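Thanks for coming. I will go through one structure today, a chain at a time, and then look at a few residues.

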Amino acid sequence: MAAARPGGRVDALPLLLAAIALAAVAFGGFIVVAPNRLLSGAPLTLWQAQGAGAPAAVLTLLALIATLAGLRDFRFRWALIGLAAGALVIAAMALAGLAAAAHAEDAGRLTRVSLGAGFWTLLAAGLLILADAVGRERSLPGKVVPVLATGLGMALLMAGGTLSQLSLAREYAVRHQAYLHELLRHLELTGAGLALALLIGGAIGLMAYRRPRRAGSVFAVLDIVQTIPSLALFALLIGPLTALTALLPGLRQLGISGIGPFPAILALGLYGLLPVARGVHAGLSSVPNAVVEAARGMGLTEAQIVRHTLVPLALPTLFQTLRITLVQLIGLAVLAALIGAGGLGTFIFQGLGQTAVDLVLLGALSAIVLALLADIGLRGLAFLLFRRPAR
Amino acid sequence: MNAGPAADGASRLLRRPVFWVGAVFLALTFGMHALAPHLGFLFPEGARLVYTRASFPELVASHALLTGAASLVAIAIGLSAAVFATRPAGRDYAATLEMLSAVAQTFPPVAVLALAVPSLGYGALPTVFALVLYGVLPVMGGALAGLGSVPGAVLDAADGAGFTPGGRLWRIELPLAAPIILAGIRTSVTIGIGTATIGSTVGALTLGSPIIDGLSGDNPAFVLQGTVLVALFAVTVDLGFGEVERALVRQPSGASSRTR
């Protein structure tokens, strides 16, 4: 990540985002109160929902951000802006949770309190200010601390039950058994697809490295697989697999069938082939030829060269390949629900079918958070292992 | 060998895969209705074989319109953002934009699509929104990489030759960055075609519609028709971009050797 330039002028982006957040709080519906989970409800602004104290707290944080953005640059200024933005995000979530609790007490059990456009705008503005601040802060602790503090605050809010009366949390509470099951299934599908992609894609990448002349045509074929829309790839496997199991009924005993987890894992594995093969090929090719020649000169066998020379030197690139592929497959596994394989997509498509917005949110937000956690986690691990930020 | 330039061009076209894949795609688009009733041997007895909710040319047109319109918007936004981030006034934002695009790239397309439904309702609108949101990132990434790859010496030479900042951008930077920018656009459009397919789950009319209807109605014939057409569509468009890229890479060097 490029270091930010020290500059004397006012930084416009946090100011702009703070202004947008201000407008969202003043005029946008912060929460939406509906008579039940399927009907659409009436939006309430933060003022209407919580009285004067809540907008004042948000206003204070926005003023703090604006002031810091207007000051001359000093050490940890961006870290402070990031912390203030994190506080804004946590305040928005806490206020929404408190408002939901207040309204759930007033009205009956069926009443649902959802998050309004004003809330989402405030949340997005806060996260963008945080992202901008992290991007511009120069010191590593100044980058890490605001992100960790925000994440910790969110986790505490969820664990502490402040958010439990929000419709989103109630959709979860109603089906937390099913949620855990589908989450686990999502991870299983992703893991199995990833293993398949690493095994076969890794072999293809190694082969392409060994025989550069064939590499072009191999990658051309994989490119085409990658071009096929993901939904089509999932569905495309149903026909052949159904026909196969009709011909060989014994396969069905092994759990192989046209719908369910098997075709989903196969499709995920196919989609992961190209990024894995390309990454392995690029990683191995990045090892200087002289090093390989030296290893050969020392009398290492081909297998030893791969194990002791190529792989260790290509490890950062290989690790990055793992991260990119994993994040991609987590996202794609959402589609597995469409062919009866389960996973977090189950909630999204159920919610879309019932027009139950918060059920859709439950599935979609979970998938996003899972992908983000995998990305951030592996980036952090790569940084610890190789001592340089992953790109 | 001695054929005229037109025949030469035609025979060169015939050798390109884009021509053949495109021809099969068009033939199936317009011929699926006639072909479908004869495919009964592939499917269980009694399955309905002809998709009737919309004709296949209609589905292709709707799919192409959604993807095309959203791609144009995404290209405009992505290019503007990248140009802004590489100008002196916007340089401070380059790191932020890069990080945002890296973060947003981790968002699953289906999730983005689903999240757009509550505010935009069912149908084409959330699909276009998700398409634009998702399409901007590869364009911006490609344009940032492309504009960043123009050597500083070239920029200095252009400034020395008296180019205005706008002239330098338009006549020097963008043409030199064009192949990498185009690669970004290609990725964006390919992803767009895929995302539009999933758009059928929120009610958009695309080639994904027969797939979704087939999956929910347990009709493998619809699924097959949709998947084959949308796969051919995506591959044709991708190969078409490949041809444009080839032409683009060949042309500047050819032009310069002629002027020299």
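In chain B, 48% of the 260 residues are buried, where buried means under 20% relative accessible area, exposed means over 50%, and partly exposed lies in between, with a 1.4 Å probe and protein chains only. Keep in mind that this is a predicted model, in which local features need pLDDT of at least 70 and side-chain atom pairs count only at pLDDT 80 or more, while totals for chains, interfaces and linings use all residues. As for conventions, residues are numbered from 1 along each chain as its sequence is written, chains are lettered from A and ligands numbered from 1 in the order in which they are written, and side-chain values use heavy atoms, with hydrogens and water left out.

Staying with chain B, its secondary structure is ten helices and zero strands. Helices (H or I, at least four residues) and strands (E, at least two) are DSSP runs, numbered from the N terminus. Read from that end, the elements of chain B go α-α-α-α-α-α-α-α-α-α. The C-alpha trace of chain B spans about 75 × 60 × 20 Å along its principal axes. Take the contacts in chain B between residues at least 6 apart in sequence: 74% of them join residues at least 24 apart. Contact here means heavy atoms within 4.5 Å.

One residue in chain B as an example. Where is B:G214? It lies in helix 9 of chain B, residues 208-216. B:G214 is buried, because its relative accessible area is 2%. Setting aside neighbours within four places in sequence, B:G214 is in contact with B:N219, B:F222 and B:V223. B:D238 is 24 residues from B:G214 in sequence, and the two are 26 Å apart in space, C-alpha to C-alpha.

Now chain A. It has 17 helices and three strands, and its C-alpha trace spans about 75 × 60 × 30 Å along the principal axes. Of its 391 residues, 48% are buried. For contacts in chain A between residues at least 6 apart in sequence, 75% join residues at least 24 apart.

How confident is the predictor about chain A? The score is pLDDT, the predictor's confidence in each residue, from 0 to 100. Chain A averages 86, and 94% of the residues score at least 70. Confidence in chain A is highest in helix 8 (residues 176-210), at a mean of 94, and lowest in helix 12 (residues 250-253), at 70. Over residues 1-8 of chain A the pLDDT is below 50, and this stretch has 14 contacts in the model beyond near neighbours in sequence. Where pLDDT is low, the predicted coordinates should not be read in detail.

A residue from chain A, for practice: A:T321 belongs to helix 15 of chain A, residues 302-332. Is A:T321 buried or exposed? With a relative accessible area of 9%, A:T321 is buried. Apart from neighbours within four places in sequence, its contacts are A:P275, A:V276, A:G279 and A:V280.

Next, the aromatic rings. Over all chains there are nine aromatic pairs. Rings of Phe, Tyr and Trp (its six-membered ring) pair if their centres lie within 6.5 Å; planes under 30 degrees apart count as stacked, over 60 as edge-to-face and the rest as tilted. A:F119 and A:W120 have ring centres 5.2 Å apart and planes at 75°, so this pair is edge-to-face. A:F119 is buried at 3% relative accessible area, whereas A:W120, at 29%, is partly exposed. A:Y172 and A:Y179 also form an edge-to-face pair, with 5.1 Å between centres and 85° between planes. Here A:Y172 is partly exposed at 33%, and A:Y179 is buried at 12%.

Last, the interface. In all, 46 residues of chain A are in contact with 38 residues of chain B. The area buried between the two chains is about 3,400 Å², with carbon and sulfur atoms giving 78% of it. Buried area is the accessible area (1.4 Å probe) that two parts lose on being put together, summed over both. Which three residues supply more than any other three of the area that chain A buries against chain B? They are A:T227, A:L231 and A:L352, with 17%. Across this interface the rule finds zero salt bridges, a salt bridge being a side-chain nitrogen of Lys or Arg within 4 Å of a carboxyl oxygen of Asp or Glu.
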